[in-house]
4 protein chains.
Amino acid sequence: MPDNALHSAVVEAEGHLIDSQILNTIFDTVIERGGQFEVLHFEIGRTNDEFSRLRLKVSSPAAESLQRTLEELMPLGCRAVEDQDALLKTADRDGSVPDDFYSTTNLRTEVRIGGRWQPVARQRMDGVIVVDAQGPTCRKLREVKQGDRVVCGLAGLRVAPEFRDRERSDFAFMSNEVSSERRVEASVTRIAAMIRETKARGGRVVFVPGPVVIHTGGGPYFIDLIRNGYVDAILAGNALAVHDAEQALFGTSLGVDLEAGVPVQGGHRHHMRAINAINRAGGLRGAVESGVLTSGVMVECIRAGVEYVLAGSIRDDGPILDTVTDINEAQDRYADVLASAAMVIVLSTMLHGIGVGNMLPAWVPVVCVDINPAVVTKLADRGSSQTIGLVTDVGLFLHQLAKRLA
Amino acid sequence: MPDNALHSAVVEAEGHLIDSQILNTIFDTVIERGGQFEVLHFEIGRTNDEFSRLRLKVSSPAAESLQRTLEELMPLGCRAVEDQDALLKTADRDGSVPDDFYSTTNLRTEVRIGGRWQPVARQRMDGVIVVDAQGPTCRKLREVKQGDRVVCGLAGLRVAPEFRDRERSDFAFMSNEVSSERRVEASVTRIAAMIRETKARGGRVVFVPGPVVIHTGGGPYFIDLIRNGYVDAILAGNALAVHDAEQALFGTSLGVDLEAGVPVQGGHRHHMRAINAINRAGGLRGAVESGVLTSGVMVECIRAGVEYVLAGSIRDDGPILDTVTDINEAQDRYADVLASAAMVIVLSTMLHGIGVGNMLPAWVPVVCVDINPAVVTKLADRGSSQTIGLVTDVGLFLHQLAKRLA
Amino acid sequence: MPDNALHSAVVEAEGHLIDSQILNTIFDTVIERGGQFEVLHFEIGRTNDEFSRLRLKVSSPAAESLQRTLEELMPLGCRAVEDQDALLKTADRDGSVPDDFYSTTNLRTEVRIGGRWQPVARQRMDGVIVVDAQGPTCRKLREVKQGDRVVCGLAGLRVAPEFRDRERSDFAFMSNEVSSERRVEASVTRIAAMIRETKARGGRVVFVPGPVVIHTGGGPYFIDLIRNGYVDAILAGNALAVHDAEQALFGTSLGVDLEAGVPVQGGHRHHMRAINAINRAGGLRGAVESGVLTSGVMVECIRAGVEYVLAGSIRDDGPILDTVTDINEAQDRYADVLASAAMVIVLSTMLHGIGVGNMLPAWVPVVCVDINPAVVTKLADRGSSQTIGLVTDVGLFLHQLAKRLA
Amino acid sequence: MPDNALHSAVVEAEGHLIDSQILNTIFDTVIERGGQFEVLHFEIGRTNDEFSRLRLKVSSPAAESLQRTLEELMPLGCRAVEDQDALLKTADRDGSVPDDFYSTTNLRTEVRIGGRWQPVARQRMDGVIVVDAQGPTCRKLREVKQGDRVVCGLAGLRVAPEFRDRERSDFAFMSNEVSSERRVEASVTRIAAMIRETKARGGRVVFVPGPVVIHTGGGPYFIDLIRNGYVDAILAGNALAVHDAEQALFGTSLGVDLEAGVPVQGGHRHHMRAINAINRAGGLRGAVESGVLTSGVMVECIRAGVEYVLAGSIRDDGPILDTVTDINEAQDRYADVLASAAMVIVLSTMLHGIGVGNMLPAWVPVVCVDINPAVVTKLADRGSSQTIGLVTDVGLFLHQLAKRLA
């Protein structure tokens, strides 16, 4: 293929390019896309602290594939050498945008407007960037209004990949692969330390617990965490509150007696009685105030003023009145809570875990605990280099965690 | 404990009590509940066709535990010897019922009203029974209106357990345990025959496909099933339609090229472009009519007039305009479709599979296909003795099924 | 099919036939085999304590299928009405038997010889019964010698199924299904009680630990069990000892630092150094005596006089000199240890767990702990109604167990 | 820490250092080991084809940790700048070596002897290097004889990491992560092409099938592969042959009827009858010659002259006479077959798959097919960058593969 038949562009990147497999991925991307690359300049960081600097010529057989390649290089920190302003187009109707809209990643992004680079607010993945007087902001497609100015194409965009920080004590710990054949106690100690540090510097810790927390007997330990101030908010579903109330009212969870560890025949109807009792009281707060509910995770949340959002799902029984049944509203309320999260801990819930992962910027660390390695792998794969996966029994995990945070 | 200190009651049951482990479970239930039993009369079916008849005295140390035991014996077909009318109480507010309401199972149930046994309509589990001029009907808690007459207590209720039918050719097949170490091709042949028989007698076959159907390349085979008239309705989520459209528009599914089997870097944004394209066209039907979407599972559904309901979830991107974002409404629309289902096939989706399982009466056979044995076990455990679980690759399963139904 | 064309036989059974699903399975077996049954007499146990009694006529279209059906009914406790002596044939060469040999189950079996019923010694599944002057004994095929008299056919055989005992406190606990969504702490308490009871009545507790015990940090807790006298013997593989020694010598297990929880690059070679060190010392005992090894599970076993057998496998590194590399010899030595076992606890090893399960009679309870539900299901399925499966993290399980047995 | 307190060394590496994450791993290794690095020189490959060149100063707080770090850098291709001969020490007894022996990786290794770099023969991981008149060779510890000269320390050793080859068509395919949510048919097409190419250039394809191949109905398709000449050797266990013979003689596999897909009660004894029949005939070859066995995978192997080795395990029934019951001998015979393997395909057997993985040099591609993602991950993790993992039903996989290789 004669070189002059190729379309090409020159991009630059800098940072810890060797770490985090960024340089490697840049080269892979070009080759996988059918292109070629030529390193025009590479200056390696001499030590662990120093940045590396890359200037790369990327060539592609067609203009379109070059454009796609450049788009894919962007989240790796590659930007055009010569600066341009971003291309803004106007949305012609609510909830949709021009075809060439820029779809966001969860990485820190800047937009060049009027010659000035401005950071994007509320960064999340799979959003669009709307620019108004306050500057550029991530929006979900459905939030776009007719007349909004939306960033299109790739010009005037700069994305900063998350570099792994080899100096942090948890560097090696966090690059662990998912495995059920590890000593969990060492990991719990690290996670407890991370929670402590996060709280010490004023950060908010958000928990995303599935109902398995209750089934596996983790409830009392989770309550310890709430009482000791380690839980700033809970994002969950209807089932967490229902099984928590079932446990409080009948001593069973999904019909299984938690003390005896055996199923109570007919106990599967307990959760319907719990739902009826809560809704008769006008919801969880009413049930607490009227004395219908006197113990359990949700009671402790209400007493301690811990914020909670319960999102509905197609498999809900009831639901209780507190559950947000409209998914768009539930997503908005989750996102509001996560906007101030400094650390997120997902406990045995793939559904809510993925939901939360979609909303978070890449720099908020996520701990994901599940006994099923497939769930941990799936959550850890979703973009963030800062997800810590732990394959273990969530009830025993909470026991260990509460002990370390007592 | 002196026998005269015990509370006791006499119940009767008849049917294939030895099969389906019903007699066994009756005895277990009494013992687990701390009670005692005495067989007053037992007449065994002499052959495979004949019914057995049981009259049993159940004793319990307390009136309350006796009541609970009797409640648990009810879904096993045990009924009081002397007939009474059901106790009806009036709901004092919308969406909630008296504390002693009867919580339904998914088994055929009759209510005695004015001395006459009447069958319950729209049978499903975890419902309440409301009695009006049309007779008794299953309702969800949230559907109860102030003033509705609701069945409470256990009097005047009769439940018919599903007996396994040893005469049916698929008897042995359907009592299989879940295992990934089985020859799938034999199972596919059986399932194809069941689908054919269902259609031949005018029954509706409802599919519940997860997006993994698309990721694993099952799309074209599923389309064959649609074209050949084997798909009467689809109950799914937003992701099915999104990844189907992504595949139609970009040749990828979750960013993976289906032909080459390799991830396309940056392909993860294709699904956002697909969502935008559909919503710009006003939804799926608009996208088909305007020529934006010309192929894929949803296109075939629309062309063939196959009913579909897409339920929203907290992890949705978009969603597309067709997605029912309110969970209560989505449940209602699922339930409407399932009201006429004669057979249900769940393909790689635990979320929607459990949702559907909650809504179905026990006599509708459910086939559940998933590569993860835990999902199959979980769905098979939910009450119906007629769930067939198959642990296999869903793409290859659809290939085999479409071949047999060509 | 005219009834007079059928071949038929009459069998009897007695015991807790309703429990343990025995009556149900008897009927199923006849139907699945293409036969018919007629209940000639059935007398139900009036209470939980009383036996039931069955007399059943079994018919089959052919003599051969009748014979097969009767063979399958035998482990369900069905025996011929009229007594005959067992048919003994002579083995014509070492290691093989006549084609119609009786293949044993793991249930209590009696053989009628010279008009007298005699119990079979060393009961295990998949054996043959050899009769000599001492009476009938289970042998493996390869142990049969030319000239041995071997039980053939079905005459003169009586098998006693294990009845579930509803009176035992752990009845409900032991009939639990396998699930990772249970509260483990309740189960650990039960298992600890069972171990205590077993020891109190002088029974031997045999542990079958996989190397995951070491990887997950369970080593120190397992050592507590050894020191407190709860471990009578260990049946394991080469890897347990190797990773235990690696941990003792280098602080890593499979190259992962147990304290820090992170992989040590290059640490994968530690296990080879451990093997070399042990073998230079002439094996484990030599390594303990010479001070090469001073801590770890194997050291504690040797100091406490706990019997151990390490079986070789195709994936072994080394192996260390203690490992029994011939599989037949390893099986024999396992079986010798198990001959006196009153309780067996399998910790995260499918390979050795299945091996042990094959050797045990049905009345020795087996506890199987694994984080992978598929392993627990597979072990629980292998014939014994007394297997207790627990899906949890084995390191945390041992921590909890050691605490309860301190 | 003053630089002059540090111990340091200078190493060099060259090759595709950016690819395969080698440069990244070099830096990580130094930092994780508590050391520091300084890049003295780095010359990046300008294009995809060109090599990169690195000269790196590594510093460590202690001589011992420096030595360990250098040892860990060796499999990454880092070698000392100034050449030395290897240090050879004499083994003082059979089966063991000096404490500072060099433990091999599965990568191409050269040893400098008398100033000349010589390649190591029979490269495998976890071996030692013995030098004799023929040059350096990998040996297992147990093969070392008193008086052998063994490579110790790190001097005079050069290891060549496997570089990923981005030019090969299967580059992107082979860097896939393990997932059950992929289209298997695309992967089967690739694997079929790899097998064809391997055979076309005269390479031997070795299969490692577990008994699940038989249970899942893959037998007939595997026989097609044998008949079409795609199977050069089989490495398996006793169970493969036993269940294959059970299927040939009784139509069941582990007691499950393969045509009907249902368990045959009592069928679990069929495998004992199969073992007895084979051993009466003096083993598999005798059974084929005498007409006892006339169909099945093993029959086809014998007829087609396909080499096979059956390794024993603690869970074997029988075993049949062909099974190699001594593990050391079985490993030796596996290794002999693998010495000439150009491609290895592992089908649903973790035990034998790991055994084989331990014996292979890094440059032989391994395909691993299993329905359990944990098994695929575990096998893929064991050192070779060239393992292709496929999570799917092995029976359906073989159907697809046989179709493509017909």
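How much area is buried between chain B and chain A? I am working from a predicted model. I looked up the pair and got about 5300 Å². Carbon and sulfur atoms give 48% of that area.

**Interface of B and A**

I turned to the contacts next. On chain B, 61 residues are in contact with chain A, and 61 residues of chain A take part. I then checked for salt bridges across this interface and found 6 by the rule. I noted one of them: B:Arg280 with A:Asp92. Their closest N and O atoms are 3.1 Å apart.

Which elements of chain B give two or more residues to the side that touches chain A? I list helices H1 (22-32), H2 (63-73), H8 (270-280), H11 (327-338) and H12 (350-359) of chain B. H8(B) gives the largest share, 8 residues. I sorted that side of chain B by class: 20 nonpolar, 23 polar and 18 charged residues.

**Helix pair in D**

I moved to chain D and looked up helix H12 (residues 350-359) against helix H13 (residues 373-380). Their axes come within 10 Å and cross at roughly 10°. The cut-off for roughly parallel is under 35 degrees, so I log H12(D) as roughly parallel to H13(D).

Which residues make the contact of H12(D) with H13(D)? From H12(D) I have D:Met350, D:Gly353 and D:Ile354. From H13(D) I have D:Val375, D:Lys378 and D:Leu379. By class I count 4 nonpolar, 1 polar and 1 charged.

Terms used. Residues are numbered from 1 along each chain as its sequence is written. Chains are lettered from A and ligands numbered from 1 in the order in which they are written. This is a predicted model: local features need pLDDT of at least 70, side-chain atom pairs count only at pLDDT 80 or more; totals for chains, interfaces and linings use all residues. Side-chain values use heavy atoms; hydrogens and water are left out. Axes are lines fitted to C-alpha atoms, for helices over the stretch in contact, and angles run from 0 to 180 degrees between N-to-C directions. Helices (H or I, at least four residues) and strands (E, at least two) are DSSP runs, numbered from the N terminus. Angles under 35 degrees count as roughly parallel, over 145 as roughly antiparallel, 65 to 115 as roughly perpendicular and the rest as oblique. Contact means heavy atoms within 4.5 Å. Ala, Val, Leu, Ile, Met, Phe, Trp, Tyr, Cys and Pro count as nonpolar, Asp, Glu, Lys and Arg as charged, and the others, Gly among them, as polar. Buried area is the accessible area (1.4 Å probe) that two parts lose on being put together, summed over both. A salt bridge is a side-chain nitrogen of Lys or Arg within 4 Å of a carboxyl oxygen of Asp or Glu.
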